[in-house]
Amino acid sequence: MLVPVWWMVGSSVVTWLAAAVFVERQTAVALLGGMLGPLAVAVGSWILTANTHRQHPEAVTSVMMGAFVAKLVIVAAYVVIMLRVVLVAPVPFVTGFTSYFIGLYAIEALYLKRLFAGGMSAPR
C-alpha cells in the first residue's frame, strides 16, 4: 500500500518547508540533506517489507533482518558522504537527520503494526 509512503514523503516535505521558511539557505540545505537519507531508507524499507508480506509472509522476518544490516551500511555511508564530501553544515544536518530518522521510523512502525495485524492490504 502506498499510503504509508505518501505519509512519509508528505510529512517530511511539509515539515522541511516549514523549517526552511525560518532559517538561512545553508541551514535549509543541511536540513534537506538530513531529511533525504532517512526518507529514502524508510520508504525503501517499507516497500520491501510490505511487498514481501504480500508475496511471501513467511520470509518477512529474514527480509527485515537483512534490510536492517543494509540500512546500517547505507546510513553510515550517507552520513560520512554528507559531512565529509558534500560538506553540509554539521549541526543542522545531524539535527534534521536524527529528527527525521526517529519520526519516519515511528510512522513505519505504526504502519507495520497495522500491516501485521491484518488492518491493511500490502502494495500490489
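Which handedness, left-handed or right-handed, does the crossing of H2 and H3 have? In this predicted model, local features were required to have pLDDT of at least 70 and side-chain atom pairs pLDDT 80 or more, whereas totals for chains, interfaces and linings use all residues. Residues are numbered from 1 along each chain as its sequence is written, and side-chain values use heavy atoms, with hydrogens and water left out.

The crossing of H2 and H3 is right-handed, a term applied when the near helix is turned clockwise from the far one by less than a right angle, anticlockwise being left-handed. Helices here are DSSP runs of H or I with at least four residues, numbered from the N terminus. The axes of H2 (residues 25-55) and H3 (residues 60-86) come within 10 Å and cross at roughly 165°, where axes are lines fitted to C-alpha atoms over the stretch in contact and angles run from 0 to 180 degrees between N-to-C directions. The two helices are therefore roughly antiparallel to each other, the class assigned to angles over 145 degrees. To their contact (heavy atoms within 4.5 Å), H2 contributes residues including Gly-33, Leu-36, Val-41 and His-53, and H3 residues including Val-63, Lys-71, Ile-74 and Tyr-78. By residue class, the contact of H2 with H3 comprises 11 nonpolar, 6 polar and 1 charged, with Ala, Val, Leu, Ile, Met, Phe, Trp, Tyr, Cys and Pro taken as nonpolar, Asp, Glu, Lys and Arg as charged, and the others, Gly among them, as polar.

Within H3, the residues Val-60, Ala-67, Lys-71, Val-75 and Met-82 are buried, that is, under 20% relative accessible area with a 1.4 Å probe and protein chains only. The cover over the buried residues of H3 includes H2 and H4. After H3 comes Leu-87, which has a positive phi, near 60°.

The structure holds 6 aromatic pairs, defined for rings of Phe, Tyr and Trp (its six-membered ring) with centres within 6.5 Å, and classed as stacked for planes under 30 degrees apart, edge-to-face over 60 and tilted for the rest. The rings of Trp-46 and Tyr-111 have centres 6.2 Å apart and planes at 65°, so this pair is edge-to-face; because Trp-46 lies in H2 and Tyr-111 in H4 (residues 90-116), the pair ties together parts 65 residues apart in sequence. Trp-46 counts as buried at 0% relative accessibility, and Tyr-111 counts as buried at 12%. Tyr-78 and Phe-93 form a tilted pair, with 6.2 Å centre to centre and 40° between the planes, linking H3 to H4 across 15 residues. Phe-93, at 0% relative accessibility, counts as buried, and one aromatic cluster is formed by Tyr-78, Phe-93, Phe-97, Phe-101 and Tyr-105.

Terms used: Angles under 35 degrees count as roughly parallel, over 145 as roughly antiparallel, 65 to 115 as roughly perpendicular and the rest as oblique. Buried means under 20% relative accessible area, exposed over 50%, partly exposed in between (1.4 Å probe, protein chains only).
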